[in-house]
Amino acid sequence: MDFELDETAAMVAQTARDFASKEIVPRAAKIDRDGKIPRELLRGLADLGLMGVNVPESLGGSEAGVIAYSLAMIEIARGCASTAVTMSVTNMVAEVIASFGTPEQCKQYVPHLMSGKMAAGSFALSEAEAGSDPGAMRTTARLENGEWTIDGSKQWITSGDFAGVFIVWARTGGEGTRGISAFLVPADAKGLSVGHHEDKMGLRGSSTTSLHFDSVHVPESALLGQLHGGFKIAMMALDGGRIGIASQAIGVAEAALAASIDYAKERKTFGKPIAEHQAIQWMIADGRTELDAARLLTMRAAYLKQSKQPFSTQAAMAKLYASECAGRICDKALQIHGGYGYTKEYDVERHYRDVRVSRIYEGTSEIQRIVIGRSVAS
Ligand SMILES: Cc1cc2nc3c(=O)[nH]c(=O)nc-3n(C[C@H](O)[C@H](O)[C@H](O)COP(=O)(O)OP(=O)(O)OC[C@H]3O[C@@H](n4cnc5c(N)ncnc54)[C@H](O)[C@@H]3O)c2cc1C
């Protein structure tokens, strides 16, 4: 067993850490306040190869592997969770197109996502009544005269208002998960409109919108992968995406823990820094231990994916544990800050709000337990 990082992964992580410290951390509070990520920040991520860390070089990606991707995600999330989720979904979309797309589909979209010409990619699976259960989706696609016509609505779509390309799942056959196909839809497709922007508790810099498909025509060649094979693509994408979200949660919790340690060393009560009170030290000790455990679980899942071994259960474990412990760590970080932690003067207030969603999206904690339970107890 080797706990050392290879040179490429270490370099990508360092690049992301430097960019986060210099460009993202100083802007994170404003991104949260304004509800918007400056486009030049996303362009900066693309310029550094961070929009396609595990995407082949032949398509403009960095081809640095899954471990490098996870480490980069931790560093960017340490700076700003909203920027990190935009990066995470864009990496996921580019990887899915690179894995399942025809050479023409790859050429049409992936290099533009990698260069930043398209600011983001978007993953349009969920609907108002089909989140945990995508087999209940109602959006349809019909093939007529060599064209697909897509009708329906999607909800909760990250970067829905500025993504350059959407992977859209729609029903092409009967009931359930078997009759679903995936399509590549450009943002300027006629009949595609952006609807409601969610007014969220956290992750406020990341836009989350509904999308409406009103007889959206795309060519027959817009089908991604096999006809009726869309559910499998979604599940495979989410397996990988869960490594990204585990990493995002770890990054946010790392920021909250570091802020707590600094604060605990400065803040004095009863004549000594609160870091010297055992109750505070134990919160920090628990947080550090849990975060290291989350990192190890996430690195294992990343290693398995990178070495092309089955990793679905391990990715679910990483996402479940990392998101749940990150929630506890951000909660304790706020506690360590006392009343000040409950104000916007301190970043832990934002971390507490931002981290909450990691237990919900890309499969709730309950869904992760179902995936793990099926694998280990059936
Ligand atoms: C900020 C944000 C960004 C998002 N971005 C995207 C995106 O880019 N693309 C996209 O497609 N989706 C996105 N989503 C949607 C997200 O993936 C869903 O919200 C999530 O999968 C849960 O679905 P739901 O909200 O419909 O909850 P529901 O599925 O209705 O679940 C409600 C509750 O019931 C529980 N539950 C459901 N089924 C079971 C079961 N079988 N056993 C036990 N408990 C169960 C759930 O765990 C949850 O606690 C985003 C969501 C948010 C909040």
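Helices in this report are DSSP runs of H or I with at least four residues, numbered from the N terminus. The model is predicted, and every value below was computed from it.

**Salt bridges**

Side chains of opposite charge can pair when their charged atoms come close. With a side-chain nitrogen of Lys or Arg required within 4 Å of a carboxyl oxygen of Asp or Glu, the count comes to 20 salt bridges.

| Pair | N to O distance |
|---|---|
| Asp34 and Lys30 | 2.6 Å |
| Arg17 and Glu75 | 3.2 Å |
| Asp286 and Lys332 | 3.9 Å |

Where do Arg17 and Glu75 lie, and how many residues apart in sequence are the parts that the pair ties together? The salt bridge between Arg17 and Glu75, with its closest N and O atoms 3.2 Å apart, joins helix H1 to helix H4 (residues 66–79), so that parts 58 residues apart in sequence are tied together. The two partners fall into separate accessibility classes: Arg17 counts as partly exposed at 31%, whereas Glu75 counts as buried at 8%, the limit for that class being under 20% relative accessible area.

The salt bridge between Asp286 and Lys332, at 3.9 Å from N to O, links helix H8 (residues 278–306), where Asp286 lies, to helix H9 (residues 312–336), which holds Lys332, and so it ties together parts that are 46 residues apart in sequence. Asp286 is partly exposed at 40% relative accessibility, and Lys332 is partly exposed with a relative accessible area of 26%.

Beyond these pairs, a network of salt bridges links Asp32, Lys344, Glu349 and Arg353.

**Ligand surroundings**

The ligand is surrounded by 17 residues, of which the closest are Phe123, Ser132, Trp156, Thr364 and Glu366. Several N or O atom distances can be given for this site. A polar side-chain atom of Glu366 lies 2.6 Å from an oxygen atom of the ligand, an N or O atom in the side chain of Ser126 is 2.7 Å from a nitrogen atom of the ligand, and a backbone N or O atom of Leu125 is found 3.0 Å from a ligand oxygen atom. The ligand taken alone exposes 980 Å², and the protein buries 65% of that area.

**Loops and backbone angles**

Most residues other than glycine have a negative phi, and most peptide bonds are trans. Leu203, although not a glycine, has a positive phi of about 50°. Its place is in the loop between strand E6 (192–197) and strand E7 (208–219), where Leu203 counts as buried, with a relative accessibility of 4%. Lys308 also has a positive phi, near 60°, and is a residue other than glycine. Lys308 sits in the loop between H8 and H9, the two helices that are also linked by Asp286 and Lys332. Is Lys308 buried or exposed? At 75% relative accessibility, Lys308 counts as exposed.

Gly146 occupies the loop between strand E2 (140–144) and strand E3 (147–158), and it is partly exposed at 38% relative accessibility. Once its neighbours within four places in sequence are set aside, Gly146 is in contact with Pro219 and Glu220. The C-alpha atoms of Gly146 and Val218 are separated by 9.2 Å, although these residues are 72 residues apart along the chain.

Glu254 is part of helix H7 (residues 230–266) and, at 11% relative accessibility, counts as buried. If residues up to four places away in sequence are left out, Glu254 touches Arg288, Leu291 and Arg295.

On the surface, Met1, Phe3 and Leu296 form a nonpolar patch whose members together have about 460 Å² of accessible area. Phe3, one of these residues, lies in the segment before helix H1 (7–24) and is exposed, with a relative accessible area of 64%.

Methods: Residues numbered from 1 in each chain as written. Predicted model: local features only at pLDDT ≥ 70, side-chain atom pairs only at ≥ 80, totals over all residues. Heavy atoms only, no water. Patch = residues over 30% accessible without salt bridge, like charges linked within 9 Å, V, L, I, M, F, W, Y side chains within 5 Å. Areas by Shrake-Rupley, 256 points an atom, 1.4 Å probe, with all protein chains shown as cover. Buried < 20%, exposed > 50% of the residue type's maximum accessible area, 1.4 Å probe, protein only. Near = heavy atom within 4 Å. Polar contact = N/O pair within 3.5 Å; in protein donor to acceptor, adjacent residues only side chain to side chain. Contact = heavy atoms within 4.5 Å.
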